[in-house]
Amino acid sequence: MPVIYYVILSSLLFCIGLYGVLTRKNAVAILLCIEIMLNAANLNIIAFSRCWPEPARGTIFVLFVIGLAAAEAAVGLAIIISYYRKSEAIDLDNINLLKW
Amino acid sequence: MGEYHWIYHYVWMVPLFPLLAFILTLFPQVRNIKWTYKGAYVAIGAMGLSTIYSLFLTGRVISDHEFKPYNGYLRWLTAGNSSIEIGVMVDQLTAVMLLMVSFVGCLIFIYSRDYMRHDKRFSRFFNYMSLFAASMLGLIVANNFLLLFICWELVGLCSYLLIGFWFEKTSAADAAKKAFITTKTGDLGLTIALMMILWASATYGNNMTFNFVTPDEKGFFNILPSVPTWVLTMIALFLFLGAMGKSAQFPLHVWLPDAMEGPTSVSALIHAATMVAAGVYLVGRCYPIFAAAVIPLVVVAFIGAITAVFAATIAVTANDIKRVLAYSTVSQLGYMMLGLGVGGYTAGLFHLITHAVFKALLFLSSGSVIHGMSGEQNIWKMGGLHKHMKYTCWTFAIGTLALIGFPLTSGFFSKDEILASAFTFGEHSTHTIPFYLGYIPLLLGLTGVFLTAFYMTRCFTLTFLGNKVRSNVQPQESTLWMILPLIILAGCALLLGLVGIPKFNFFHSFIHFTRDSVGVETALYKFSSEQEGVNWIIMLISVILGFAGIISGYAIYGYKIQERFTEIKNSIPTWLRYYGNMGFKGLHFIVKNKYFFDEIYRYFVICVNLMIAKFCFIIDQFIIDKFVDLWACIMIWISRIKRWIDDKIIDAIAVNGWSYISIVSGRYLTYLQTGYVQQYIMIICLGIIFLTILGVIAK
């Protein structure tokens, strides 16, 4: 199958994830969409690694990305939980402490 | 150069010693050293060293049989191929002049140590005198016109400083100015002569030079044969103009009598022995030029003769003892020029040397008289001093006799030689100069002999002879430091004649001018190397005139003056007495006022000068200053405009404007910070898209 199909798929996924990050109100939902974006990037890398003679170049990188995504999700959730402990809502419309 | 004894190579040390004394006495540290007596002994020591050096130098010059002039120089200014050199030249004339100047100068310095000891500017006096001595000695050893001119001007400067030494007196300050300006008028001639010399040496000699002679035959005197006569005449006349200024010839003589405002040592050194001799020395040094162009020599002779008699007549009516001697100096300088002009090179220069000695003697003893009379200078208030001031009286008498030309004194031999040369000139000139006019120098010279004897006897009689002092001052004899130079000079005045005795004229063989130095032979001047015989007739006439002068002087001014005058008056018939009285009073009035020369100069020269000065002042004040003020106003207006620009425009835009922009933009840009993360992410994504589009377009 041509590479372009995979690239289109991964970019579609990325845009869906991006739309979700920009639009959703719930913080956990944003984390989920970030995961979608990361997975889209993974897909892109694997699609391109298929074109190389050596087999495992892209896959190793994807493994790193997955690990990194997991760590970052943990950190994000930790921040959300600590914020939830402070104020009972995690609605992003009300988090504007850096406003002028 | 190697065959010259070392004493020639270091001749430049002779002017150097007084120059060092000048520099040393500038410093208070030197002045305050006890044993230098406020710097006086430094100056005296320096002059003493110069005297000793000159003595040995003269001895060596005399004893060198094959003497050629020594010329040592170094390059000073170069322009392309030609260069101006400075250096020293030693020939017989230089040696004799050095000896005279340093010897007389040394004695005068010794004298001044006591004469000036109460003066509050004592050290400065010796400072100035040392500078003068240095420049005079430098003038003598100079081997080119430029160095001579530099020293000439320096000597004039020192004369100004020393005449105006007591500058608190207005008369002294005025006299200093007068001396400087009058000699400067003569120096104009000298400057023109120098320029002509430079031009002539470049045009006719292919080598631009100021030198007198150089070993490689490039000096000015070497190329004289190839220079046309009219050029030489002009050069010689302008040189003589310079000499007229410095040596107080008629009509530039007016500064010398006024120069007596300075201290007596100054009068003795500068205005009797040395500086006024510089003009005569110049003529003597440039004698080849004068002799090659004959007309200037005739001019020199006539002007010298006129000066000699003119000044002698004024001296007859002078009442200040120093004025008498000043006019006497002018008269004797006239004699020297007369001697040089009639072809008596040796005669004129011999008179220069002897005159220096006895005139310095006369001035110093008159200073002793003034000192002893506590400042009184009018001879009518003196009298009978022979009882109180014996040494001064005897030395003044010896000086007087030498000046008059009393037989067997030095002045006798020198003056007689001049008169003999004048007679020879008259003889030779009957073919070239009509109507026996060539004898005028001789006649004027003989008149001068009579007048000199008359006025000096008058002066001596009124000052020293008689029974009592005509004023209330109690005179006292001077101290040893002042009397010793007098005695030494008196001895020299008597003995110096021995070197110039006509038959055994050692001086003539030493300093003479021969025909082979001149390219042209003329009828008027026959310069021969063998000495002329003694002219007994002229000698007899001059001795008779001298005695006549002495006798008439003593007869009229001897003691019991008033009785004398009444006796003489009563013995003349009435009508003669009446007209004689009027005529005599008229003549006396004119002569006593110095023939109104000062007044003539004031109304015809100084007035013009003042008018020009006032005119220039008015231009300066009303025209040029107005331009300066206008310019200042313009500058002020320009600065006001600039300030307005600066305030209203530049400050508004560049300074306040930027701050306004910063504040306003900041106020509105804060609204960008909303605090919503999603909006931030949105902007990031838009930015990425924008950059990507830009990148694609740029490709």
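**Exercise 1. Determine the order of secondary-structure elements along chain A and how spread out the chain is.**

Solution. Read along the sequence, the pattern of chain A is α-α-α. Helices (H or I, at least four residues) and strands (E, at least two) are DSSP runs numbered from the N terminus. The count for chain A is three helices and zero strands. Next, the radius of gyration, taken over C-alpha atoms, is compared with the globule rule, 2.2 Å times the number of residues to the power 0.38. Chain A has a radius of gyration of 17 Å, well over the 13 Å that the rule gives for 100 residues, so the chain is more spread out than a compact globule. Along the principal axes, its C-alpha atoms fill a box of roughly 55 × 25 × 20 Å.

The model is predicted: local features need pLDDT of at least 70, side-chain atom pairs count only at pLDDT 80 or more, and totals for chains, interfaces and linings use all residues. Residues are numbered from 1 along each chain as its sequence is written, while chains are lettered from A and ligands numbered from 1 in the order in which they are written.

**Exercise 2. State what share of chain A is buried, and classify A:Phe64 as buried or exposed.**

Solution. A residue is buried if 20 or more other C-beta atoms lie within 10 Å of its own, exposed if 12 or fewer, and partly exposed in between, with C-beta atoms placed from the backbone. By this criterion, 9% of the 100 residues of chain A are buried. A:Phe64 lies in helix H3 (residues 57–86) of chain A. A:Phe64 has 9 C-beta neighbours inside 10 Å and therefore counts as exposed. The C-alpha atom of A:Phe64 is separated by 20 Å from that of A:Cys51, 13 residues apart along the chain.

**Exercise 3. Describe the contact between chain A and chain B.**

Solution. Two residues are in contact if their C-beta atoms, placed from the backbone, lie within 7 Å. Nine residues of chain A meet ten residues of chain B in this sense. On the chain A side, seven are nonpolar, one is polar and one is charged. In this classification Ala, Val, Leu, Ile, Met, Phe, Trp, Tyr, Cys and Pro are nonpolar, Asp, Glu, Lys and Arg are charged, and the others, Gly among them, are polar.

**Exercise 4. Characterise the packing of H5(B) against H16(B).**

Solution. Axes are lines fitted to C-alpha atoms over the stretch in contact, and angles run from 0 to 180 degrees between N-to-C directions. Helix H5 (residues 92–115) of chain B and helix H16 (residues 345–372) of chain B pack at about 5°, with axes 11 Å apart. H5(B) is therefore roughly parallel to H16(B), a class that takes angles under 35 degrees. Contributors to the contact include B:Val96, B:Met100 and B:Val104 of H5(B), and B:Val357 and B:Ala360 of H16(B). The contact residues divide into 13 nonpolar, two polar and no charged.

**Exercise 5. Identify the residues with the most contacts inside the largest nonpolar core.**

Solution. A nonpolar core is a set of buried Ala, Val, Leu, Ile, Met, Phe, Trp, Tyr and Cys residues joined through C-beta atoms within 7 Å. The largest such core has 203 residues, and B:Val283, B:Val357 and B:Ala360 have the most contacts inside it. H5(B) supplies the largest share of this core, 17 residues. Leaving aside residues up to four places away in sequence, B:Val283 touches B:Phe240, B:Ala243, B:Phe290, B:Val300, B:Met337 and B:Leu340. In chain B, 48% of the 699 residues count as buried.

Definitions and conventions. Parallel < 35°, antiparallel > 145°, perpendicular 65-115°, else oblique.
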